[in-house]
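Have a look at the model first.

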Amino acid sequence: IPNINVFMIAVKYILILILIISLKNILKKNTLRLAICTMAKDENLYIKEYLEYYSKLGFDHIYIFDDNEKENEKITKILENKFKKFVTIYNYRAIINNQRIAFTLCYEMIKNKYDWIFMNDIDEYLVIINDSLKHYLLQNQFRKCDFIKFHWVLPSDNNLLYYDNRTLFERFKGPYKKESVIKTIVRGNINDIQFGIHTPMISPHNNVSCDNRGNLLTIKDNFAHVISNINIEKAFIIHYKYKSTEEYIKKLKRGYSWENLEFIKRRMKQYFKDNNLTLEKKNYFERELNINLSELNLK
């Protein structure tokens with residue numbers, strides 16, 4: 001009888017062990033691993049807000065390529081302790097045409113560790129409507145998708161001339177302007193893939209692109225960064241393209257073409273198409289960029 005008791009106890013523990021292993025496999029099967037690859041160019045003021053947002057959204061890790069000017073403060077020095085296990089930072093300063101290279105390199109390094117990898121910028125915030133990110137991506141309609149493309153929406157500058165330390169969501173509220181430009185989240189473990197800034201440029205022909213509802217996109221949209229059929233029903237990206245006038249001018253000046261007059265004219269026309277034209281803004285742009293906006297026939 002004692003031997004039978006020992007045997008029954010052993011069977012009990014074996015059954016418990018089998019149950020635990022089964023539960024772990026079930027949880028593993030229904031849990032996604034998500035990562036972000038991003039480029040940070042003089043965005044130190046917004047790193048904390050960006051990391052807070054995406055850690056709460058459901059991403060497991062963020063890989064940041066530090067593209068700041070050499071003399072500017074390193075991101076590693078401003079990173080809070082609570083984010084140090086959540087973030088990996090690479091020094092990627094002064095590398096020409098670096099964003100495409102960085103995204104491709106990042107994907108190759110981590111593609112076998114994550115189910116989905118999102119390529120974005122520090123001024124882009126993915127919004128999932130009435131759902132959690134992981135539950136959204138686990139829906140059946142996305143099982144066939146290798147790329148999910150999310151359209152931009154743009155807030156205006158809210159007539160703010162200068163930076164202040166409120167959050168982006170507080171400073172630049174809707175309504176948002178819908179844009180045909182997209183950014184892409186990519187399934188892991190795809191071989192022979194190269195990235196552009198907005199979406200893969202090269203990938204195996206059998207890959208499938210979907211919109212934010214899981215609907216298949218056409219083959220011509222597979223590598224397109226502009227998709228004219230705009231839909232933001234389930235998810236979209238808030239692109240804080242402008243922020244304040246002061247910040248947009250700084251963004252123009254750090255661009256490689258900012259001293260090109262035609263480039264500046266095109267940017268100004270677009271800026272005042274998306275934002276109100278005020279005398280204060282006009283004077284600010286003319287003073288900082290040495291340009292006469294009256295010649296551009298702005299609205």
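Predicted model: local features only at pLDDT ≥ 70, side-chain atom pairs only at ≥ 80, totals over all residues.

Residues are numbered from 1 along each chain as its sequence is written, and side-chain values use heavy atoms, with hydrogens and water left out.

The protein chain averages a pLDDT (the predictor's confidence in each residue, from 0 to 100) of 89. Residues 24-29 stay under 50.

Helix 7 spans residues 245-254; helices here are DSSP runs (H or I, at least four residues), numbered from the N terminus. Its buried residues (under 20% relative accessible area, 1.4 Å probe, protein chains only) are Thr245, Glu246, Glu247, Tyr248, Ile249 and Leu252. Among the elements covering them are helix 8 (261-274) and helix 9 (279-289).

| Pair | Axis angle | Axis distance |
|---|---|---|
| Helix 7 and helix 8 | roughly 155 degrees | within 12 Å |
| Helix 7 and helix 9 | about 25 degrees | 11 Å |

Axes are lines fitted to C-alpha atoms over the stretch in contact, and angles run from 0 to 180 degrees between N-to-C directions. Helix 7 is therefore roughly antiparallel to helix 8 (over 145 degrees), and roughly parallel to helix 9 (under 35 degrees).

On the helix 8 side, Thr245, Tyr248 and Leu252 are in contact (heavy atoms within 4.5 Å) with Phe263, Ile264, Arg267, Met268 and Tyr271.

Terms used:
Buried < 20%, exposed > 50% of the residue type's maximum accessible area, 1.4 Å probe, protein only. Helix = DSSP H or I, 4+ residues; strand = E, 2+ residues; numbered from the N terminus. Parallel < 35°, antiparallel > 145°, perpendicular 65-115°, else oblique.
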